[in-house]
Amino acid sequence: MVCNGGIRPFKSDLVKLIIVSEGSDEADKWIYDQVSKDDIVITAYIPLAAKCIAKEAVVLKHDGNFLTENNIGNVLATRDLMSDLRSSDPFLKGKNKPYSRADRSKFLTSLENLFDNSFPNVLFFTQPVGP
């Protein structure tokens, strides 16, 4: 997990916390500098996702959708369009879809499938975290 200090995950030997300096996009810069082919990146930040895809990383959004070379162009264009619309219409601000149980379920399923396909001979045991 990479952050500038605002996120404090629970203690686990499975999670390595990287704290970068404060500043705009410092965590994203660190991720981009470190990512390589076939690494798994979980992000909702579309510009970072596009850069990681260019380096042949696997990118998964928090809602369980994969971002790929085939769909990143449309996703970037939609992001830019929505940004322009929000800046011109103050009533559109804050209208993001809330994170739902269905999103969480799809994310967990996508992540599990990713690991099953990448590591077919390894057994993964998971336990629920949070509500």
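This talk describes a predicted model, its confidence, its sheet and some of its salt bridges.

Residues are numbered from 1 along each chain as the sequence is written. Because the model is predicted, local features need pLDDT of at least 70 and side-chain atom pairs count only at pLDDT 80 or more, while totals for chains, interfaces and linings use all residues; side-chain values use heavy atoms, leaving out hydrogens and water.

Let me begin with confidence. The chain averages a pLDDT (the predictor's confidence in each residue, from 0 to 100) of 84, and 87% of the residues score at least 70. Over residues 126–131, however, the pLDDT is below 50. Where pLDDT is low, the predicted coordinates should not be read in detail.

I turn to the sheet. Three strands (DSSP runs of E, at least two residues) form an open sheet in the order E3-E4-E5, with mixed pairing (at least two DSSP bridges between two strands). Strand E3 (40–42) and strand E5 (66–67) stand at the edges with a single partner strand each, so one side of each lacks a neighbour in the sheet. E3 runs parallel to strand E4 (residues 58–60), joined by 3 bridges; one of the pairs is Ile40 with Val58.

Finally, the salt bridges. The whole structure holds 5 of these (a side-chain nitrogen of Lys or Arg within 4 Å of a carboxyl oxygen of Asp or Glu). Among them, Lys97 meets Asp103 at 3.3 Å, N to O. Which of these two partners is buried, and which exposed? Lys97 is exposed at 63% relative accessibility, whereas Asp103 is buried at 9% (buried is under 20% relative accessible area, exposed over 50%, partly exposed in between, with a 1.4 Å probe and protein chains only).

Definitions and conventions. Helix = DSSP H or I, 4+ residues; strand = E, 2+ residues; numbered from the N terminus. Contact = heavy atoms within 4.5 Å.
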